Amino acid sequence: MSHGPRSGLAAVSSALLAMSRHLEVRDVLKTIVASARELLDAQYAALGVPDDHGGFAQFVVDGVSDEQWRAIGPLPRQHGILAAMLRDARIERLADVRRDPRFEGWPSAHPDLADFLGLPIRDGDEVIGALFLANKNCPKPDGGCGFTADDEELLGILAQHAAIALTNARLYERSRELTIAEERSRLAHELHDAVSQKLFSLRLTAQAAARLVDRDPSRAKGELQQVAALAAEAADELRAAVVELRPAALDEDGLVATLRTQVQVLDRAHSARVTFTGRGVRALPAAQEEAVLRVAQEALHNALRHSGAERVDVTLERRGPGAVLRVTDDGSGFDPRAVRRAGRHLGLVSMRDRASGVGGRLTVESAPGKGTTIEMEVPGG
């Protein structure tokens with residue numbers, strides 16, 4: 001093989017181990033591409049997963065910077081050499097891809113590719129991806145391809161294991177989707193039973209208060225107080241049930257992207273200006289990311305629904321191995337001590353519980369007329 005038997009075997013072993021460590025499809029694709037490029041010492045590598053509409057559902061590259069990738073533009077379509085690999089399910093090894101009669105060009109910002117090695121990734125009879133490398137880092141024979149038959153064999157071995165890893169990742173994600181769907185169905189039943197019972201009691205109590213209001217105002221007042229208590233209990237049960245589900249977006253997109261998206265939605269939905277800033281945050285353990293998201297949601301709810309704020313700023317920044325969330329508004333503010341004494345906690349208790357539950361801490365700074373800042377710090381994993 002191109003790298004020599006010993007180094008080649010060790011490199012293949014490392015690549016296969018790396019692929020087996022990941023369960024998310026996107027992570028598996030990135031690992032396959034990076035492993036292939038390193039194994040065959042190529043300048044560029046890419047892997048496309050086809051969709052059913054002549055394009056690619058996912059397309060991962062290695063050797064191209066984020067700036068270059070953005071400049072290239074939309075994902076490629078299934079045409080030219082890529083289409084041939086998907087349609088004919090055979091290996092393509094070319095001395096110069098640009099001289100192949102099937103070559104159809106590329107965007108102006110696309111890197112210049114010459115020698116080319118590509119092959120389909122197959123799961124049985126189904127082609128589930130196209131993997132290719134370009135620009136072998138080696139002297140090229142005159143008019144020949146830098147990629148060798150040994151490279152072709154090595155990439156074929158990698159592709160077989162890539163198919164297994166990709167199929168396993170898809171099964172994992174499908175299983176997770178089914179679990180989420182089942183959990184949501186269970187939650188819907190629980191919500192229906194719990195909240196319906198509370199609402200039924202609330203309606204009966206309100207009817208009793210209406211009958212008493214003229215002949216026994218004192219008893220009517222007591223019944224109305226019970227109505228308020230039942231309504232509060234129903235709201236608490238609804239919130240407690242809903243927050244048990246980890247949002248799918250958090251699993252798929254990560255904390256920073258999920259927060260940014262939610263802030264953008266809230267900014268459009270409310271008259272207040274809502275902004276988000278993320279600074280150098282690394283991925284956190286799943287439980288910590290969920291806790292940070294839930295605290296942010298609660299703090300945003302309070303700021304937008306109760307404070308009369310004209311501006312709400314959300315920041316998430318790295319602090320050592322962990323992160324700090326800060327939600328600041330310019331609203332009416334409150335006295336945290338008075339809120340506790342009155343038994344109205346505005347979600348502060350649940351926010352503190354979430355922070356402490358993942359080894360973090362929550363602080364609240366507020367005063368009447370001075371706005372509010374909720375800060376949550378969590379350690380790294």
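Leaving aside residues up to four places away in sequence, Met376 touches Ala291, Val292, Val295, Ala323, Val324, Leu325, Arg354, Ala355, Val358, Arg361 and Leu362, where contact means heavy atoms within 4.5 Å. A second, separate core of 30 residues includes Ala36, Leu47, Leu154 and Leu155. This is a predicted model, in which local features need pLDDT of at least 70 and side-chain atom pairs count only at pLDDT 80 or more, while totals for chains, interfaces and linings use all residues. Residues are numbered from 1 along each chain as its sequence is written, and side-chain values use heavy atoms, with hydrogens and water left out.

**The largest nonpolar core**

- The largest nonpolar core has 34 residues, and Leu325 and Met376 have the most contacts inside it. Such a core is a set of buried Ala, Val, Leu, Ile, Met, Phe, Trp, Tyr and Cys residues joined through side-chain atoms within 4.5 Å.
- At least two residues of this core come from each of helix H8 (255–269), strand S6 (273–279), helix H9 (286–306), strand S7 (311–319), strand S8 (322–329), helix H11 (348–357), strand S9 (361–366) and strand S10 (372–378). Helices (H or I, at least four residues) and strands (E, at least two) are DSSP runs, numbered from the N terminus.
- H9 gives the largest share of this core, 9 residues.
- In soluble globular proteins, nonpolar side chains tend to be buried together.

**Helix H9**

- Of the 21 residues of H9, 15 are buried, so the helix is mostly covered; buried means under 20% relative accessible area, exposed over 50% and partly exposed in between, with a 1.4 Å probe and protein chains only.
- The 21 residues of H9 should span 30 Å at 1.5 Å a residue, and the end C-alpha atoms are 30 Å apart, which agrees; the expected span is 1.5 Å times one less than the number of residues.
- Gly308 follows H9 and has a positive phi, near 70 degrees.

**The five-strand sheet**

- An open sheet of 5 strands runs in the order S6-S7-S8-S10-S9, with mixed pairing; two strands pair if DSSP finds at least two bridges between them.
- S6 and S9 stand at the edges with a single partner strand each, so one side of each is left without a neighbour in the sheet.
- From one strand to the next, the twist averages 10 degrees.
- S7 and S8 run antiparallel and are joined by 8 bridges, and Leu316 has Leu325 in S8 as its bridge partner.
- H8 lies across S6, S7 and S8, running at about 165 degrees to S6. Axes are lines fitted to C-alpha atoms, for helices over the stretch in contact, and angles run from 0 to 180 degrees between N-to-C directions.

- Strand S4 (residues 116–123) is mostly covered, with 6 of its 8 residues buried.
- Strand S3 (residues 92–94) runs antiparallel to S4 and is joined to it by 3 bridges; Arg93 has Leu117 in S4 as its bridge partner.
- On S5 (residues 126–136), which pairs with S4 in the antiparallel sense over 8 bridges, Leu133 stands opposite Leu117.
- S4 and S5 form a hairpin with 2 residues between them, and Gly124 in the turn has a positive phi of about 70 degrees.

**Asn135**

- Asn135 sits in strand S5 and counts as buried at 11% relative accessibility.
- A polar atom of the Asn135 side chain lies 2.8 Å from the backbone nitrogen of Ala114.

How values were computed
A polar contact is a pair of N or O atoms within 3.5 Å; within protein, one must be able to donate a hydrogen and the other to accept it, and residues adjacent in sequence count only if both atoms are side-chain atoms.
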